[in-house]
Amino acid sequence: MPNFCAAPNCTRKSTQSDLAFFRFPRDPERCRIWVENCRRADLEAKTSDQLNKHYRLCAKHFDPAMVCKTSPYRTVLKDTAIPTIFDLTSHLRNPHTRHRKRIKELTEEDIRKIKERRLASSIEQLISKKDAVVEDSNSNNEDEPQLSPEEKEFRDYLRSLFEVVVMLGKQCIPLATDKTSETEHDCSNFQALLDYRMNAGDVALKKRFEATAMTTEYVSAAQQSQLLDVCENTVREEILMEVRESRFFSLVTGDPIEFADKMHLPLFLRFVNQHNILREEFLDFVLFDGDESSLVERLEAQLTDRWGLSMEDCRGQAHKATGTSTTKMKAVAVILMEKYPLALHMPCSSTALNIHLANSLPFPNVQIVMENLRWIDAFFRTPSTQGELEKSISGYYRGSDERATELKQVCGSHWTDQHNVFDLLLDMLESLVICLDSIRENENGMFTDAVAADAYAITETLTNFEIIVTIVVLKNALSFTRAFGRNLQGETLDVFFAANSLTAVLHSLNEVIDNIDVYHEFWFEEAVNLATVMAIPVSIPRLFLRKQRAADVGEIQPEAYFKEYVTVPLIRGIIQEVEEIFTETNIKALKCLSLVPAVMGQMKFNTSEENHADVYRNDLPNPDTLPAELHCWRIKWKHRGKEVRLPTTIHETLQLPDVKFFPNVNSFLKVLSTLPVLKLEDSNVDIASARLQAYLESTPVKHQCKSLAVLNVNAHVKHDLDVMVDKYCRLYPEDEPEVEAESEPVAEEDVMT
């Protein structure tokens, strides 16, 4: 439960403020003074135990000298602290307002006693301030001599090491390198940079290693690992501090990545920082082993135990899984939703809805299509293969230059991630096969054997009739969700209208099911015509025929087979997936985007956010006043001046200086911003997932490192080298110079023997 401040005319509560709240003291005399200073007549009859148990005062009512911050997470009062700062007059400016905290009228005797007590308190606080200043100066003086010359030299040395580690992380350079031969000394990138810094005049490193042989490793692999851990944790803690300040966040995971022969799940957090800017940051990797329950426990432990967050504040989740990991991550989302109902499962804004739907369908033929799309995307990224594809498109579309130019532009812009990917794939299918056949034949010797082998494998898949039927059905079925998905990735107004168009989308898909014979006939005919042009035989999959013969069942015609085993399951799967990720609660949340003034204006200010606000009612500072506040919010924008432009996005609305006068609206918009389905509004900033993908693509697999990945992706996050040094000294005190001095003779003795 939140703590409310007992002071008159103070409406602060712990859930909406970072201020500390203090209990009334148990000591009867001190408690009586607190009550008298509060001027709360209704508290005078209560005992000190009752007051201590049920009432609090926030830190704003105490002189700052009386408040001590013992740690970043703990604030206490001095034993003699008395509240002296109160607002006892603001209620007079609005005499009709009801006040639960009635202010006691003072007699002359009461005034005299209060003056005497305040004088005594002022003197005491003045003395306390002077003592604090003296203590601070003494402590500063005491701190200085605590660092001996050896210790200061050691810290300078550590600082230089951390500078090198941070630079390696930012520039995507692995610490180690490959040995060119077994006999040659392995000079790592880390060691080479230390040599460079010493040659450039780094005094701390020179003093440390001036007597060390060039072939000797300056810093052991174990210490390099320690340095990396400290760097990674320091950078991560900077992000986590912002997440804790903002309170609400959404959880986003990426496709599992292999490190050291184990699969790991990239973990991102989306939140609104103190400047009301939406951020999505990469935090860490989580081991992907085990079943769904184990993974959920691992995620919870990471977020709560290690990072100090609360899953009760998670307002959304999105999982960008592909292939076999999709089913597991869907189960993870269900478990998290059962535990935390407000962690709404939604598609991620960086993935086209049709791609998300296709990835989520648990059918082998669909997963083969999606895997080949990813393979095609990677295959045609080189200039040579891309040039060959463009040449094939020009040759195939000879006489239709406009279409050829259009497709050549598309195939160079990550077309496999677009909403209409299956339309484009069918348009380019013949050109693709011609291109891949040319690469496979490799008559001019342009391509390596590995590239030719990949071209052969992709061709074998694309020329399979079952795959062609699957692509045709996906293209036609997902055409009903294409505009809906495009709007979801659009501006705030587009997302709002998408939420209101879901019923129509589901109606269209259900109509396909109701008339499946007609739709399948047209779609199957389209697939047969394409296969005929490409000289691909119309056939039933070999595996099915073998099972059918073994069961001694009569023959089935291709059209009937593909209707029963491809078209119908795909349509039903798409409908089920759309209903699961756009539940009633999810749609209610998206309809609350009508709080954005531009959406209100488009709706002629005839909106009803209060009908959907129950989703986040407990997240609002004053939910009882929400209807009145929403009315004032609409009136403010409805009767604005002609020169005033309506803000079009949540970000623009949150940047308004007077939004703070609408605390419920302000909180509402911040929570809505974290939903993973809403796009990051600052298009100039690369999202963290793109930066992680860039790291993985630019770093050879054998040199990929989880800690360096965190440093590289978060190169924009500020870091303090002194904090890293302090943290290292606390975590690894055995590396302090005193210990090293004792161990040096032993090392020399070992060398001699």
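Which backbone oxygen lies 3.1 Å from a polar atom of the side chain of Ser 48? It is the backbone oxygen of Arg 26, and you can find it in View 1. Everything shown here comes from a predicted model, in which local features need pLDDT of at least 70, side-chain atom pairs count only at pLDDT 80 or more, and totals for chains, interfaces and linings use all residues. Residues are numbered from 1 along each chain as its sequence is written, and side-chain values use heavy atoms, with hydrogens and water left out.

View 1. Ser 48 is found in helix H2 (residues 48-54); helices are DSSP runs of H or I with at least four residues, strands are runs of E with at least two, and both are numbered from the N terminus. Ser 48 has a relative accessible area of 15% and is therefore buried (under 20% is buried, over 50% exposed and in between partly exposed, with a 1.4 Å probe and protein chains only). Leaving aside neighbours within four places in sequence, Ser 48 is in contact with Pro 25, Arg 26, Pro 28 and Cys 31, where contact means heavy atoms within 4.5 Å.

**View 2. Glu 281 and its partner His 716.** Glu 281 lies in strand S8 (residues 278-287). Its relative accessibility is 3%, so Glu 281 counts as buried. The side chains of Glu 281 and His 716 are joined by a polar contact of 3.1 Å (a pair of N or O atoms within 3.5 Å; within protein, one must be able to donate a hydrogen and the other to accept it, and residues adjacent in sequence count only if both atoms are side-chain atoms). Beyond neighbours within four places in sequence, the contacts of Glu 281 include Ile 239, Leu 267, Phe 271, Ala 688, Arg 691 and Asn 714.

**View 3. Helices H13 and H14.** The axes of H13 (residues 401-410) and H14 (residues 421-441) come within 11 Å and cross at roughly 120 degrees; axes are lines fitted to C-alpha atoms, for helices over the stretch in contact, and angles run from 0 to 180 degrees between N-to-C directions. H13 contributes Arg 403, Leu 407 and Val 410 to the contact, and H14 contributes Leu 424, Asp 427 and Met 428.

**View 4. The whole protein.** Step back and you will find 31 helices and 10 strands. Of the 753 residues, 47% count as buried.
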